[in-house]
Amino acid sequence: MQRKNMDKLKALILEKFQCLGCGNCCELANGYVYARPEEAVCIAKYLEMDIIAFLQKYTLKENGWLILSSAKFRANCFLDEHKKCQIYEVRPKNCRTYPDWFSVWKNYETFLKETEFCPGLKRAYDGLHKIFTEDFGDINNIDSKRFEK
């Protein structure tokens, strides 16, 4: 898929995307969850904790970054046994912006791979894919202006 079409697909899908709360983006990401200092303060307040106690219990500082989770440190972050985020209302920016991550939209193949893990992303894609293939033909020829009509 051409980059311009990938960008159009991304915009349309992100507009339709709804998180279904499965926790897969947290559990399967194998990346880092960072928090800015102001986010750490907000999370500590939400958990009714002193900021110092919160930082000691839930964070790791690495190269100047405040880490809430990584593959080797608190890999489940704030997920409970039902894969629900215990800080969802105050989660850090890098969590709030999913699935608008470069790693998801690098190319069509990385996007399709992500739909295997994220049911909300798959639902948004399947809905648009059905509309495009039934009404317009090939999804690779996305024309967002035609879609808006």
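Trp105, Tyr108, Phe111 and Tyr125 form one aromatic cluster. This model is predicted.

Start with the rings. A pair of aromatic rings is described by the distance of the centres and the angle of the planes. The count here comes to 9 aromatic pairs. One of them joins Tyr34 and Trp65. Their centres are 4.9 Å apart, with 50 degrees between the planes, and the pair is tilted. This pair links distant parts of the chain. Tyr34 sits in strand β1 and Trp65 in strand β3, 31 residues apart. Tyr34 is partly exposed, with a relative accessible area of 29%.

Now return to the cluster. The ring centres of Tyr108 and Tyr125 lie 6.5 Å apart. Their planes meet at 65 degrees, so this pair is edge-to-face. Again, distant parts of the chain are linked: Tyr108 belongs to helix α7 and Tyr125 to helix α8, 17 residues apart. Are these two residues buried or exposed? Tyr108 is buried because its relative accessible area is 13%, under the 20% limit. Tyr125 is buried too, at 8%.

Arg74 lies over the face of Phe78, 4.4 Å from the ring centre. Arg91 lies over the face of Tyr88, at 3.7 Å from the ring centre.

Next, look for empty space. Rolling a probe the size of a water molecule over the atoms shows where empty space is left. The largest pocket has a volume of about 680 Å³. It is lined by 40 residues, and the closest to its centre are Gly23, Cys25, Cys26, Glu27 and Cys95. Several elements give two or more residues to this lining: α2, β1, β3, α5 and α8. Which element gives the most to the lining? It is α2, with 4 residues. By type, the lining residues divide into 25 nonpolar, 10 polar and 5 charged.

Finally, follow the backbone through the loops. The peptide bond from Tyr98 to Pro99 is cis, with omega near 10 degrees. Pro99 lies in the loop between α5 and α6. Asn63 has a phi near 50 degrees, a positive value in a residue other than glycine. Its place is the loop between β2 and β3. Asn63 is exposed because its relative accessible area, 74%, is over 50%. Lys83 also has a positive phi, near 65 degrees. Lys83 is found in the loop between β3 and α5. At 26% relative accessibility, Lys83 counts as partly exposed.

Conventions:
Residues are numbered from 1 along each chain as its sequence is written. This is a predicted model: local features need pLDDT of at least 70, side-chain atom pairs count only at pLDDT 80 or more; totals for chains, interfaces and linings use all residues. Side-chain values use heavy atoms; hydrogens and water are left out. On a 1 Å grid over the protein atoms alone, a cavity is a set of points where a 1.4 Å probe fits but cannot get out, and a pocket is an open set with protein on both sides within 12 Å along at least five of seven lines; lining residues have an atom within 4 Å of a point. Grid points are joined across faces, edges and corners, and a volume is the space filled by probe spheres set on the points. Ala, Val, Leu, Ile, Met, Phe, Trp, Tyr, Cys and Pro count as nonpolar, Asp, Glu, Lys and Arg as charged, and the others, Gly among them, as polar. Buried means under 20% relative accessible area, exposed over 50%, partly exposed in between (1.4 Å probe, protein chains only). Rings of Phe, Tyr and Trp (its six-membered ring) pair if their centres lie within 6.5 Å; planes under 30 degrees apart count as stacked, over 60 as edge-to-face and the rest as tilted. A charge sits over a ring if NZ of Lys or CZ of Arg is within 6 Å of the ring centre and within 35 degrees of the ring normal.
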